[in-house]
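Have the sequence and the model open as you read.

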Amino acid sequence: MENGISTITQIIPPNFYLILSSLLFCIGIIGVLIRRNIIVVFMSIELMLNASNLLMVAFSSYRSDGAAQVFVFFSMVVAAAEVAVGLAIIVMIYRNIHSIDIKELSKLKW
Amino acid sequence: MVSIFYFLSFLAVISAFMVVIAKNPIHSVLYLIMTFFAIAGHYVLMNAQFLAVVNIIVYAGAIMVLFLFVIMLLNLNTDAEQNKSILIRLTGIVAGGILMITLIGAFKQVSIVKDTTFYASGQAYDIGLVKNLGNTLFKEFLVPFELSSILFLAAMVGAVMLGKKDIK
């Protein structure tokens, strides 16, 4: 792109992305705290991961630094691996206790 | 462009809310896919096209299909979940709200300085394109890139081992 083309980083102040990311992150936290379905809890964790990714991409484009976008790429890689293992664990739990209610999984609780 | 920003933000926040409050897990997955598309739209707005495409392929494509697959496999597409008690739910919502207020209060104090030297040279807009990101990825971050393949191998072996019925 040539010089002078206005992009979003020149119009929108970076604080807007800060607020949007913290909103998404807090919605994810509320989801983890209030739901009992373990899959929905897992999805809320994905939401929090995405909120932090969004903020990192925003900082990367405001600072014109490509390394942060590579870091977001690695974060997505780790999230994909985490989801594969996590869903395998959920399937195994369901096979053992025939429920995905996190209330049933409180054996480690003190 | 400002209206696109507001529209995508609104879409992301509303569908994130629906993820949390939807009764049926299938609906939660579909709303989460909508959130991911809105976030990918934000990436396009910020000129991070590579990450936008990767976000759609990896998150909305692979991960969410895996979620749907598990929900269908376990036959969970009913809203049989019992709710937590109203006190615990209220505590969760209040805790999340307090965290949000704290974060926003902290962010009010910061001011992010734009790096204007890049803007003058015109390089600032294409750091997120595949060509430049690939250069960064395969020159500076080659070792972490190769290590991530080992991570994937470990995750694959772990998922298969966890999914097996009986391990001798």
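Is B:Asn47 buried or exposed? B:Asn47 is buried, because its relative accessible area is 9%, and the cut-off for buried is under 20%. Keep in mind that this is a predicted model.

**B:Asn47 and its loop**

- B:Asn47 sits in the loop that joins H2 to helix H3 (49–73) of chain B.
- Its backbone stands out on one count: B:Asn47 is not a glycine, yet its phi is positive, at about 65°.
- For background, most residues other than glycine have a negative phi.

**Chain B overall**

- Chain B contains seven helices and zero strands.
- Its pattern along the sequence reads α-α-α-α-α-α-α.
- Of the 168 residues in chain B, 35% are buried.
- Take the contacts in chain B with a separation of 6 or more: 55% of them come from residues 24 or more positions apart.

- B:Asn24 lies in the loop between helix H1 (2–21) and helix H2 (25–45) of chain B.
- B:Asn24 counts as buried because its relative accessibility is 16%.
- A polar atom of the B:Asn24 side chain is 3.1 Å from the backbone nitrogen of B:Ile26.
- B:Phe17 belongs to helix H1 of chain B.
- With a relative accessibility of 40%, B:Phe17 counts as partly exposed.
- B:Phe17 and B:Leu129 are 112 residues apart along the chain, and 31 Å separates their C-alpha atoms.

**Domains of chain B**

- Where the two domains of chain B meet, four residues of domain 1 are in contact with five residues of domain 2.
- Together, domain 1 and domain 2 of chain B bury about 410 Å² between them. Carbon and sulfur atoms give 68% of that area.
- Which residues of domain 1 of chain B lose the most area to domain 2? They are B:Asn47, B:Gln49 and B:Phe50, which together account for 89% of what that side buries.
- Between domain 1 and domain 2 of chain B there are zero salt bridges.
- The two domains of chain B also have zero residue pairs in polar contact, with both residues at pLDDT 80 or more.
- On the domain 1 side of this contact in chain B, the residues are two nonpolar, two polar and no charged.

**Contact between chain A and chain B**

- Chain A puts 78 residues into the contact, and chain B puts in 83 residues.
- About 7600 Å² is buried between chain A and chain B, with 75% of it on carbon and sulfur atoms.
- How many salt bridges cross the interface of chain A and chain B? The rule finds zero.
- Six residue pairs are in polar contact between chain A and chain B, both residues being at pLDDT 80 or more.
- On the chain A side, helix H1 (8–11), H2, H3 and H4 each supply at least two residues that touch chain B.
- H4(A) gives the most to that side, with 24 residues.
- The chain A side that touches chain B divides into 54 nonpolar, 16 polar and eight charged residues.

- A:Ile12 is in the loop between H1 and H2 of chain A.
- A:Ile12 is buried, because its relative accessible area is 2%.
- Neighbours within four places in sequence aside, A:Ile12 is in contact with A:Tyr17, A:Tyr62, B:Val2 and B:Phe5.

**The salt bridge**

- Over all chains, the count is one salt bridge.
- A:Arg36 forms a salt bridge with A:Asp101, and their closest N and O atoms are 2.6 Å apart.
- The pair links distant parts of the chain, 65 residues apart. A:Arg36 is in the loop between helix H2 (14–34) and helix H3 (38–63) of chain A, while A:Asp101 is in the segment after helix H4 (66–97) of chain A.
- A:Arg36 and A:Asp101 are both buried.
- As a general point, side chains of opposite charge can pair when their charged atoms come close.

Methods
Residues are numbered from 1 along each chain as its sequence is written. Chains are lettered from A and ligands numbered from 1 in the order in which they are written. This is a predicted model: local features need pLDDT of at least 70, side-chain atom pairs count only at pLDDT 80 or more; totals for chains, interfaces and linings use all residues. Side-chain values use heavy atoms; hydrogens and water are left out. Contact means heavy atoms within 4.5 Å. Buried area is the accessible area (1.4 Å probe) that two parts lose on being put together, summed over both. A salt bridge is a side-chain nitrogen of Lys or Arg within 4 Å of a carboxyl oxygen of Asp or Glu. A polar contact is a pair of N or O atoms within 3.5 Å; within protein, one must be able to donate a hydrogen and the other to accept it, and residues adjacent in sequence count only if both atoms are side-chain atoms. Ala, Val, Leu, Ile, Met, Phe, Trp, Tyr, Cys and Pro count as nonpolar, Asp, Glu, Lys and Arg as charged, and the others, Gly among them, as polar. Helices (H or I, at least four residues) and strands (E, at least two) are DSSP runs, numbered from the N terminus. Buried means under 20% relative accessible area, exposed over 50%, partly exposed in between (1.4 Å probe, protein chains only).
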